[in-house]
Amino acid sequence: MDEILTLGIESSCDETSAAVLRGGREVLSNIISTQIPVHQKFGGVVPEIASRKHIVNIMPVIDEALRKAGVTKADIGQVAVTYGPGLVGALLVGVSAAKALAFALDVPLLGVNHLEGHIFANFLQDKSLEPPFLALVVSGGHTALVDVADYDTFRLLGQTRDDAAGEAFDKIARVMGLPYPGGPEIDRLAKEGDPLAIDFPRALDKAGSSEFSFSGLKSAVLAYLNSEKMKGHEIHKANVAASFQHSVVEVLVHKAFDAAEQAERKTLVLAGGVASNSNLESRLMEEARKRGIRFQYPGRILCTDNAAMIACRGYYQARAGHFSDAYLNAVPGLSLGV
Ligand code: KG4
Ligand code: ZN
């Protein structure tokens, strides 16, 4: 089992990815073909275009992952694929490819929850990491605090009531005329601004609640931009970016550590695309030092959508005997822990 090769496949949104993993934690290859330039001119992901691109990219990406790993299809011991959450047409491309390969190679199939995959990226980053720990999942579609008791037991402590953190970054960037995806753009711009210049709201920022809400913040930023425009003031974009980011980050940081303390977890891990936000990383690190909690986050490649994290989650599912069959379907609204 420890030397088994897992082929991972990910196609839930706008990245087509395939990876080969040896055992649970050794990444032999992790090929990611991003569609960002294709969707950029529309200001966001266009689902039908994403599906069409996945169909074109999926086999070349899988072939490249095998070639880079120095293995052939015959060496693959199991196939792990994201089956939700995500865009249904995009998910179906990966699920169909994985089913076909598992059937043709006569190897087990593992349907993986994309959010669990994001959390498991941390096992690839730190080979000594073991549950239990608390995970802060922040992506374009989700913001959640998850208690990971062991490799198969996840408890959702709270999530966003409206927009995800990444979605808020993307929407604010869009109204400020910045390209898609907006998160990295705001991150960059915020470095030149003053985070205390504008006092934006922090929703649900009271102790004891693990729920999030970012739609009020988004409205407050829009209202600020409109009122400045009406007054004929020039907008200091870097200050808006820094102040908006500060509001998001402080809420995430406080809630994550409060939840870790309530759950009596000594380790906090970060997961999802927004995990690459430089301010979020540094604030979590600073707070972890103060509170004596171990903190870690995946490297940049492992933060955003990739198939290595899916293969890793699949490996541990197989170890627990949780296999899928040929009836596996895409589940766009899949929740965590299912
Ligand atoms: O996990 P991911 O690759 O896809 C989903 O599963 O949603 O996350 C993508 C999200 C986007 O909203 C993007 O703007 C955000 O992650 N993101 C960032 C940064 N890099 C990516 N948000 C804030 N700061 C960043 N540096
Ligand atoms: Zn993701």
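**Notes on the predicted model**

1. Leaving aside residues up to four places away in sequence, K218 touches D163, K171 and I172. The model is a predicted one. K218 belongs to helix α7 (residues 215-230), and its side chain makes a polar contact of 3.0 Å with the side chain of D163. With a relative accessible area of 18%, K218 falls under the 20% limit and is therefore buried.

2. Two of the residues touched by K218, namely D163 and K171, also pair with each other: their side chains form a salt bridge at 3.4 Å, N to O. D163 is buried, with a relative accessible area of 7%, whereas K171 is partly exposed at 32%.

3. The zinc ion (ligand 2) is coordinated by H114 (NE2), H118 (NE2) and D305 (OD), at 2.0 to 2.1 Å. The spacing of these donor residues in sequence is H-x3-H-x186-D. H118 lies in helix α4 (residues 114-125) and D305 in the loop between α10 (300-303) and α11 (307-319), so that this pair links distant parts of the chain, 187 residues apart. Both H118 and D305 are buried.

4. The chain is divided into domain 1 (5-120 + 302-319) and domain 2 (132-297). Their centres, taken over C-alpha atoms, are separated by 27 Å. Contact between the domains involves 19 residues of domain 1 and 18 residues of domain 2. The two domains bury about 1,500 Å² between them, with 69% of this area on carbon and sulfur atoms.

5. What polar interactions are counted between domain 1 and domain 2? The count is one salt bridge, together with six residue pairs in polar contact, both residues at pLDDT 80 or more. On the side of domain 1 that touches domain 2, the elements giving two or more residues are α1 (36-40), α4 and α11. Of these, α4 gives the most, with five residues. The side chains of D152 and R313 meet in a salt bridge at 3.4 Å, N to O.

6. The count of salt bridges comes to 25. One of them joins the side chains of R265 and D147 at 2.7 Å, N to O. R265 is in the loop between α8 (237-262) and β9 (267-271), and D147 is in strand β7 (residues 143-150), so the pair ties together parts that are 118 residues apart in sequence. R265 is buried, at 18% relative accessible area, and D147 is buried as well, at 4%.

7. Elsewhere, a network of salt bridges links E250, D258, E261, R283, E286, E287, K290 and R291.

8. A65 is found in helix α2 (residues 47-69) and counts as buried, at 0% relative accessibility. Not counting residues up to four places away in sequence, A65 touches A18, A19, V20, S29 and I31. A65 and E130 are 65 residues apart in sequence, and their C-alpha atoms are 27 Å apart in space.

Technical notes. Residues are numbered from 1 along each chain as its sequence is written. Chains are lettered from A and ligands numbered from 1 in the order in which they are written. This is a predicted model: local features need pLDDT of at least 70, side-chain atom pairs count only at pLDDT 80 or more; totals for chains, interfaces and linings use all residues. Side-chain values use heavy atoms; hydrogens and water are left out. Donors are N, O and S atoms within 2.8 Å of the metal (3.2 Å for Na, K and Ca); water is not among the atoms, so sites may look incomplete. Helices (H or I, at least four residues) and strands (E, at least two) are DSSP runs, numbered from the N terminus. Buried means under 20% relative accessible area, exposed over 50%, partly exposed in between (1.4 Å probe, protein chains only). Domain bounds come from an automatic or database domain assignment. Contact means heavy atoms within 4.5 Å. Buried area is the accessible area (1.4 Å probe) that two parts lose on being put together, summed over both. A salt bridge is a side-chain nitrogen of Lys or Arg within 4 Å of a carboxyl oxygen of Asp or Glu. A polar contact is a pair of N or O atoms within 3.5 Å; within protein, one must be able to donate a hydrogen and the other to accept it, and residues adjacent in sequence count only if both atoms are side-chain atoms.
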